[in-house]
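This report considers surface features, pockets and charged contacts in turn. The sequence and the structure are shown first.

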Amino acid sequence: MTSNTASEKIAFRMFLFPGQVAEYKRRHDAIWPELSALLKDAGVSDYSIYLDEEHHVLFATLRRRLDHRMDALPQHPLMKKWWAYMGDIMRGNPDGSPVVEPLPCMFHLD
């Protein structure tokens with residue numbers, strides 16, 4: 001594997017407002033193609049988001065290339081537009097980004 005194809009898996013959680021499950025699903029089912037392209041271009045792949053319905057917690061995993069450019073995403077106008085679009089249905093930070101809590105890997109089996 002070369003350095004540009006090597007990747008790491010990360011996991012994190014986000015927080016949905018109660019009563020917003022159907023809307024969250026609807027918006028992601030219709031994710032903007034240009035947003036998908038932006039994420040892929042930044043080195044993101046195999047991105048999945050799961051729901052803990054009882055606690056309104058979203059659990060996400062993704063793979064990112066070791067040479068990813070995810071750190072530049074918060075400054076991108078399209079990312080800011082998506083955050084604004086999602087801001088009414090999930091917990092956010094003062095800059096509009098979703099509240100994200102990294103989750104450490106405690107066990108992995110290939």
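Which residues form a nonpolar patch on the surface? In this predicted model, the patch consists of Met 106, Phe 107 and Leu 109, which together have about 470 Å² of accessible area. Phe 107 belongs to the segment after strand E4 (101-103). With a relative accessible area of 68%, Phe 107 is exposed. Phe 107 is also one of the residues that line the second largest pocket.

**Pockets**

The largest pocket holds about 850 Å³ of space. Its lining comprises 37 residues, and those nearest the centre are Phe 12, Leu 39, Tyr 47, Leu 62 and Met 70. At least two lining residues come from each of strand E1 (7-15), helix H1 (21-29), helix H2 (33-41), strand E2 (44-52), strand E3 (57-65) and helix H3 (77-86). E2 provides the largest share, 6 residues. By residue class, the lining of the largest pocket contains 23 nonpolar, 9 polar and 5 charged residues.

The second largest pocket has a volume of about 200 Å³. Its lining is made up of Lys 9, Ile 10, Ala 11, Phe 59, Thr 61, Leu 103, Pro 104, Cys 105, Phe 107 and His 108. E1 and E3 each contribute at least two residues to this lining, and E1 gives the most, with 3 residues. The lining of the second largest pocket divides into 7 nonpolar, 2 polar and 1 charged.

**Salt bridges**

The model contains 8 salt bridges.

| Arg 26 | Glu 23 | 2.6 Å |

Arg 26 and Glu 23 are about one helical turn apart, because they are separated by 3 residues in helix H1. Arg 26 is partly exposed, with a relative accessible area of 45%, and Glu 23 is likewise partly exposed, at 21% relative accessibility.

Arg 27 is buried, at a relative accessible area of 7%, whereas Asp 88 is partly exposed at 49%. Glu 23, Arg 26, Arg 27 and Asp 88 are linked in a network of salt bridges.

Since Asp 41 lies in helix H2 and Arg 69 in the loop between E3 and H3, the pair ties together parts that are 28 residues apart in sequence. Arg 69 counts as partly exposed, at 39% relative accessibility.

**Backbone and loop positions**

Which phi value does Asp 46 have, although it is not a glycine? Its phi is positive, at about 50 degrees. Asp 46 is located in strand E2 and is exposed, with 52% relative accessibility. His 56, also a residue other than glycine, has a positive phi near 60 degrees. His 56 lies in the loop between E2 and E3 and is partly exposed, with a relative accessible area of 25%.

Asp 95 occupies the loop between H3 and E4. At 55% relative accessibility, Asp 95 is exposed. The C-alpha atoms of Asp 95 and Trp 83 are 9.2 Å apart in space, and the two residues are 12 residues apart in sequence.

Notes
Residues are numbered from 1 along each chain as its sequence is written. This is a predicted model: local features need pLDDT of at least 70, side-chain atom pairs count only at pLDDT 80 or more; totals for chains, interfaces and linings use all residues. Side-chain values use heavy atoms; hydrogens and water are left out. Patches are made of residues with over 30% relative accessible area and no salt bridge: like charges are joined within 9 Å, nonpolar side chains (Val, Leu, Ile, Met, Phe, Trp, Tyr) within 5 Å. Accessible areas come from the Shrake-Rupley method with a 1.4 Å probe; for residues, only the protein chains shown count as cover. A salt bridge is a side-chain nitrogen of Lys or Arg within 4 Å of a carboxyl oxygen of Asp or Glu. Helices (H or I, at least four residues) and strands (E, at least two) are DSSP runs, numbered from the N terminus. Buried means under 20% relative accessible area, exposed over 50%, partly exposed in between (1.4 Å probe, protein chains only). On a 1 Å grid over the protein atoms alone, a cavity is a set of points where a 1.4 Å probe fits but cannot get out, and a pocket is an open set with protein on both sides within 12 Å along at least five of seven lines; lining residues have an atom within 4 Å of a point. Grid points are joined across faces, edges and corners, and a volume is the space filled by probe spheres set on the points. Ala, Val, Leu, Ile, Met, Phe, Trp, Tyr, Cys and Pro count as nonpolar, Asp, Glu, Lys and Arg as charged, and the others, Gly among them, as polar.
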